Structure formats: C-alpha cells, structure tokens
Amino acid sequence: IGMGIQGHADTQAALKSTARAEFVAAADLYSGRLDRVKEVYGKDIFTTKDYRKILERKDIDAVLVVTSDHWHDHITKAALAAGKHVYCEKPMVHQIQEGLSVIEAWKKSGKTMQVGSQRISSASFKEAKRLFEKGEIGEINYVESNSDRFNSIGAWNYSIPTDASVNTVDWDAFLGDAPPLPFDSKRFFRWRNYKDYGTGVAGDLFVHLITGVHFVTGSLGPNRIFSSGELSYWKDGRDVPDVMVSILDYPKSERHAKFQMVLRVNFANAGSIVNNTRIIGTEGQIEFTSNNLILTKRKLPEAPSYGGYDSYNTFSEAQQREFKAQYDAQYSEISRKVEPVQEIRFEAPASDDSHANHFLDFFDNISKGSVGTIEDPIFGFRAAAPVLACNQSYFTNEIVYWDPVQMKVVAK
C-alpha cells in the first residue's frame, strides 16, 4: 500500500528475503505508479487506488504500509482489524498521540507487525549490540550521530511526472485528515517537505539513528528533548527545517548509565560528509555505519598523571621532590601503566542485506505465529515518539519531557 520510492524498495527487499512471499496486489493514489507496478512485477498484479480493496481480500496475509506518514496509523489499524499482518514504514506514526492506539490495535489483533527501520537488522548493528552488552566501552555517557546530505534528491525534491493532475492523482484521498487544499503536485510527490503529511528530517532520518541506538543499548528512550535548527538552503516552499540539531537526555536504567545523545541533520552540507554513529563510554567507543564497525578501547590508568601542562611545574623544587615522594609511595608502577589503545574492526559480510533481513524476520515470525519481531510496535513507537518530540521542540522552541516507560509526554 503505497508504491513510491520506498514502496518499490520494500517490495524488492520482501521478495528477495524469502521464496515464501508472493506479491499479488498494490495500491497507490497516482495511476502512473499502478501502471509501473504492472510493467515491473507483471500484468497479473491487482492494482487499485483504494487500499481498502486490498484489505477486503481474504487471500492476502500481509500488507506493507509505505505511504506518507500521516496515513500510517489509519491504514495500519484498518489492516490489523481486517486480520492482516503489517509491515509499517518508519516513523510508525505522524503524531505522538497516535502511538498508543496503534499498539492497542496490534495487541488486540494478535497479528505480527514490524516497523521498517531496517538498519538494525544488519550484521554491524548486531555486533555493536554484542560489544555493548559485553561491556567493551565501560559505562556509556554520550552518543553522537549525524546524517547529512547535499543534493536535491537527498533533500526530497523528487521528480514530478508531467501528467500529474487531479485526473491521475486521487488528491482528496491523499489529504485524508490533513487540512483541505487545492491540488498541488509538489505536496503529493514531495510530501516529506510538509509537516501536514510528513515528519521532516527527524521522522525520516533521526528515527533511524534513534532506532539504532535503542537497539544497541536496550534503552527505552530519553526523558528530555530539545531541538534547534533552521531552513537554511532549500527555501522552496517547504515548512520543515533542512538543518536540525537535537539533544536528548537518557536517564539511567537497568541496562545502561545515564547518557546524552546529540543528533544532527544538515541538508546544506557542502563540506565533507561522513555520516556515522559513535557510542562513547568510559573505556572506549563503538563507531559504526550500516556496513562496518570500529571498536576503540582506551582505559585510563588507576594512578593520575602529573607533569606536562600541570600545576606541578609551578611548585618549588623542594615541593616537587616532596610531591613526587608522596606520589611514589601512594601509586605503584603497575597502577601508572597506560594500556595501549586497542582497535578492533568488524566488516559485515558482502552478502549481508539489512533490508532483506528485516523482512525475513517479519515473515519468519508470521510463519511461527509469533508477534516477537525485532522492531515491534512498542519498540517502533519508542523510537518514533522521541523524533516527533524533536519536531515539537523545534516548532515550539520548548523542551519536551517524555516518559519512556509509560510512553507519554509529561508536564514539567
């Protein structure tokens, strides 16, 4: 349901993941995409502009919800109520207040549901999780992650077909619960640029970063969120920022120490772009992307150092001798030893495909009659809510306080 860019990518990954999956029907609001489905996947694929016709079919077991963000909750809940298993693209919901109702619908249905932030199904993220749980970086204290771009497609200015009109697009259906407006091809084909339908850089990109960190650390989420940013370069009518930085404070939990996470997206980065995530602790760091990982272990000696750029050199000679005598008596040679920095590299196998892996997890759980996917709706909402709070903070210029256990905004 939804055969845009990600709809095609998800369909291909789903078919690649297992021979058990058969693609039988597609829905989209632009007729040109329905024509393209038949060109790519075969003329026998059933196509429609009305997603409800797919939900009515008894022979369909599962649906992929790959629409604009403001339709995620509506279609997901309708699909679950119709007895379908659901794979819903990230972020799971468009507004924070929609999350708990999706979770409730999922629990009531007993169906399998996967949220589509597929990077956590990569070998490198699984290895990062293993290293973190093993205690390889000591106590976590800081995470930084960025996802910069500098090109028009990366900034969501996707191509618009020449035949885009009310005759080829079901505009009224697209609007749904969004404010009524006359037909606008930019708003339909570039919906990520508008908060009525999308969730901006936070919902498109921060959600991947937060999902990855939650997966690795086992965190339930932050309790304090603040964002700052601006519309710097892509002043094309969009109403969401193209530069955004968010600070998220994570409370201490049974699984990790208290830490702070700083996320950045810059769609106007004309400099060097190196997108990665660093999880930093008291004894090292894990730096990883979707394909590789570097563990750097570095531990301070038990004994403090002295000399160099230090007040020791301002002492009189007599005081320096007395200080050194006291230091030597207090600290052994072993306690002063600096362990060499260790660097351990992990590279995912060439055959590793996180997207296909994510779908295989979905299909395997369907086959087993299990709801225990790697990214179920509770996990998905705990990743989505903080990014939606990032947006809320940006637009209100206020700190957002979040209860990660009860999954609700709290007043302070």
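How are α5 and α13 oriented to each other, roughly parallel or roughly antiparallel?

**Entry 1: ground rules.** I am working from a predicted model, where local features need pLDDT of at least 70, side-chain atom pairs count only at pLDDT 80 or more, and totals for chains, interfaces and linings use all residues. Residues are numbered from 1 along each chain as its sequence is written, and side-chain values use heavy atoms, with hydrogens and water left out.

**Entry 2: two helices.** I looked up helix α5 (residues 99–109) and helix α13 (residues 377–396), whose axes come within 10 Å and cross at roughly 175°. Helices here are DSSP runs of H or I with at least four residues, strands are runs of E with at least two, and both are numbered from the N terminus. The axes are lines fitted to C-alpha atoms, for helices over the stretch in contact, and angles run from 0 to 180 degrees between N-to-C directions. α5 and α13 are therefore roughly antiparallel to each other; angles under 35 degrees count as roughly parallel, over 145 as roughly antiparallel, 65 to 115 as roughly perpendicular and the rest as oblique.

I then listed the contact (heavy atoms within 4.5 Å). From α5 come Gly 99, Leu 100, Ile 103, Trp 106 and Lys 107, and they meet Pro 377, Ile 378 and Phe 381 of α13. By class, this contact has six nonpolar, one polar and one charged residues. Ala, Val, Leu, Ile, Met, Phe, Trp, Tyr, Cys and Pro count as nonpolar, Asp, Glu, Lys and Arg as charged, and the others, Gly among them, as polar.

**Entry 3: the cavity.** I noted one cavity of 30 Å³ or more in the whole structure. On a 1 Å grid over the protein atoms alone, a cavity is a set of points where a 1.4 Å probe fits but cannot get out; a pocket is an open set with protein on both sides within 12 Å along at least five of seven lines, and lining residues have an atom within 4 Å of a point. Grid points are joined across faces, edges and corners, and a volume is the space filled by probe spheres set on the points. The lining of the largest cavity includes Lys 186, Arg 190, Asp 236 and Arg 238, and its residues divide into one nonpolar, two polar and four charged.

**Entry 4: the pockets.** The largest pocket has a volume of about 820 Å³. Of its 42 lining residues, Gly 4, Val 66, Thr 67, Ser 68 and Trp 191 lie nearest its centre. The second largest pocket has a volume of about 590 Å³, and α1 gives the largest share of its lining, four residues.
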